[in-house]
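Dear colleague,

I am passing on the structure that I mentioned, and I would be grateful if you could look through it with the notes below beside you.

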Amino acid sequence: MKDLLAEIWESIRRNKLRTALTGFAVAWGIFMLIVLLGAGNGLMNAFNQQGEQFASNTMVVYGGVTSQPANGYEAGRYIQLNNNDISITQSALFSENVDEVGATMYSGPYVLVLNGRHVSTYLVGCYPNMKNMNKIELICGRFINPLDMQMERKSLVLSASHASQLLNGGEDYESLLGKSVSFGGNSWMVVGVYKTDKSAQRVEEYVPMPTLQVLTNELNRVGQINFSFHGLATEEDNNQFEARYRAAINKAHKAAPDDQSSIWIWNRFTQNMQMNKGTSILRKALWVLGILTLIGGIVGVSNIMLITVKERTREFGVRKAIGASPWEIMKLILAESVSITAFFGYVGMFLGMVACEVMKMTVGQSSVEFFGESIRLFVNPTVGLDVAIGVTIVLVIAGTLAGLSPAMKAAKIRPIQALNET
Amino acid sequence: MLIELHNIHKTYDNGQPLHVLKGIDLGIEQGEFVSIMGASGSGKSTLLNILGILDNYDEGEYWLDGKLIKNLSEKEAAHYRNQMIGFVFQSFNLINFKTAVENVELPLYYQGFGRKKRNELAMRYLEHFGLAEWATHYPNELSGGQKQRVAIARALITNPRILLADEPTGALDSKTSVEVMNLLTDLNRTEKVTIIVVTHESGVANCTDKIIHIKDGIIGETTMNEQHKASVFGTSTIMK
């Protein structure tokens with residue numbers, strides 16, 4: 001082994017410039033691969049972070065417009081979800097899969113008044129399950145609870161960003177708890193303050209839905225129904241469940257059971273599945289792109305090894321004459337090819353990882369305003385150990401492939417022909 | 001018999017068939033010092049290649065030390081070359097980027113010897129040929145005679161059954177040629193090495209004990225030359 005390395009080193013030392021130029025192509029290929037994968041990871045991480053604000057095994061149902069006539073009604077009828085739909089969702093019909101059921105309705109805008117300060121906002125009437133659905137984090141106090149619902153209490157959970165506008169100087173959020181906020185001639189009690197961050201879609205206040213229904217005098221209006229579920233592992237299962245659920249709700253609204261547009265179902269679970277599928281396709285595409293770039297480098301190594309074999313024909317002939325087997329000669333070329341590829345590959349990988357870190361420190365920190373939301377396009381655009389191992393395997397295979405044809409050529413050298421060349 | 005050739009035929013087919021060896025019968029005993037003489041195109045190089053297991057033959061049988069050398073795979077041929085044959089070439093064929101001692105070591109590397117053992121043996125051979133102080137020099141730092149002596153050391157290090165020398169003095173001046181031929185003679189006399197020299201120089205052939213003339217692919221006369229009087233230019237000259 002030591003002898004083999006000495007031989008390779010000798011050969012490389014004699015052709016420094018040539019080896020360096022060839023190596024550059026390999027290093028460049030790997031550099032591109034790492035940077036592409038890093039950028040891809042950044043993009044995917046950003047996606048995932050967006051997705052993380054919602055619990056994944058949930059569905060949200062909205063009313064829609066019918067697309068076909070049914071039961072004597074024309075097509076194009078607006079379907080308004082109502083309390084009965086909540087009952088259907090909670091019923092034994094779906095209890096096998098459905099866990100916690102909730103609903104929301106929006107109302108507003110209202111002007112909240114507290115401490116003599118004003119803030120304009122929308123109210124979300126919701127169920128206690130909202131906290132889990134949207135992963136709401138409380139800074140202090142509590143969220144809407146079943147008792148609020150039952151007693152139709154005027155409890156209100158403030159957003160931190162509005163709360164800060166309503167605070168007296170020097171006071172903290174806790175001082176707001178138990179205070180009453182007034183709007184529309186009613187006074188509501190602040191029971192909690194929840195955390196808002198830049199990426200929140202809209203800043204709004206949470207109240208118990210039955211209370212809001214009473215307040216708006218729309219006792220049977222439901223904006224959306226949401227629920228968490230379990231036991232639907234595949235896309236197929238999900239589709240079947242959705243069809244069954246749709247049929248039940250449609251029937252209650254006298255729409256055709258298979259009408260696809262009477263209600264809208266947003267299944268976050270299948271959406272995640274699709275997104276995962278998408279990211280895995282993206283990842284594969286990046287590998288393919290990177291490897292295609294790398295092929296340029298590999299061809300270069302192969303080319304250089306062919307020249308080496310040509311130059312060393314006589315030497316290989318001598319070696320064979322004094323007893324080197326074809327495999328010994330092949331080994332020499334393959335080892336040199338793999339060494340060059342691996343060495344420069346690792347140089348490229350190192351530089352690629354440096355570039356990823358630079359990316360992380362620059363574009364990885366910036367965010368873009370998009371419809372009032374602030375979105376980070378890149379989150380942690382770096383590659384992990386798995387990629388480093390993957391790249392190592394790729395390099396060894398690539399080096400072997402690059403050296404294979406020159407090595408076979410070298411192994412086939414006939415000593416007499418080599419020795420006759422001058 | 002160390003070497004036995006029976007009716008060896010060899011035809012090259014480069015577009016049009018060229019019958020180079022037309023039935024060679026030859027026997028060489030252990031410890032002989034033989035030269036094969038012939039003009040260019042006579043087939044002497046082809047014969048040497050066959051003797052050295054560097055080339056195949058079409059017909060006949062070649063027995064080397066009791067083994068039939070026929071239709072060997074590349075790997076087997078390499079193995080037999082390594083074990084049984086030492087080569088000395090006209091243009092030395094040392095590897096330029098290896099030092100003298102590394103060149104001498106190389107056949108042992110292919111026998112799987114360890115680095116230390118190889119080095120020790122190679123140094124002993126170099127010392128024997130008076131090249132110890134040149135051991136770490138590269139071939140381009142050596143004179144022609146020194147290079148040929150390194151090559152002979154390399155050929156002998158595996159203790160081969162035969163030493164094949166292809167025009168060993170072809171690239172040397174007359175003085176160095178004499179030295180090299182004396183060295184080969186000495187090896188034959190003292191170490192009992194079987195040596196076959198291929199040459200077209202009668203002076204070189206004259207140093208050997210038996211001269212086999214080859215012409216147009218068949219063996220002509222074989223001159224016994226114990227008295228070394230075959231050279232037309234005198235007994236102790238090497239024609240240049």
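Two strands are taken to pair if DSSP finds at least two bridges between them, and the helices (H or I, at least four residues) and strands (E, at least two) are themselves DSSP runs, numbered from the N terminus. This is a predicted model, in which local features need pLDDT of at least 70 and side-chain atom pairs count only at pLDDT 80 or more, while totals for chains, interfaces and linings use all residues. Residues are numbered from 1 along each chain as its sequence is written, chains are lettered from A and ligands numbered from 1 in the order in which they are written, and side-chain values use heavy atoms, with hydrogens and water left out.

The sheet in chain B

Chain B holds an open sheet of four strands in the order E2-E1-E4-E5, with antiparallel pairing. Strand E2 (16–28) and strand E5 (67–68) of chain B stand at its edges, and because each has a single partner strand, one side of each is left without a neighbour in the sheet. Strand E4 (residues 59–64) of chain B is joined to E5(B) by two bridges, the two strands running antiparallel, and B:Leu64 has B:Lys67 in E5(B) as its bridge partner.

Salt bridges

Over all chains, a search of the whole structure finds 21 salt bridges (a side-chain nitrogen of Lys or Arg within 4 Å of a carboxyl oxygen of Asp or Glu).

In chain A, A:Glu10 forms a salt bridge with A:Arg13, with the closest N and O atoms 2.6 Å apart; both residues lie in helix H1 (residues 2–14) of chain A, three residues apart, or about one turn of the helix. For accessibility, buried means under 20% relative accessible area, exposed over 50%, and partly exposed in between (1.4 Å probe, protein chains only). A:Glu10 is therefore buried, at 15%, whereas A:Arg13, at 37%, counts as partly exposed.

A:Glu311 and A:Arg18 also meet in a salt bridge through their side chains (3.2 Å, N to O). This pair links distant parts of the chain, since A:Glu311 is in helix H9 (residues 268–311) and A:Arg18 in helix H2 (residues 16–51) of chain A, 293 residues apart.

In chain B, the side chains of B:Glu105 and B:Arg118 meet in a salt bridge (3.4 Å, N to O). B:Glu105 counts as buried at 8% relative accessibility, and B:Arg118 counts as buried at 4%.

Finally, a network of salt bridges links A:Glu7, A:Arg312, A:Glu315, A:Arg319, A:Glu336 and B:Lys98.
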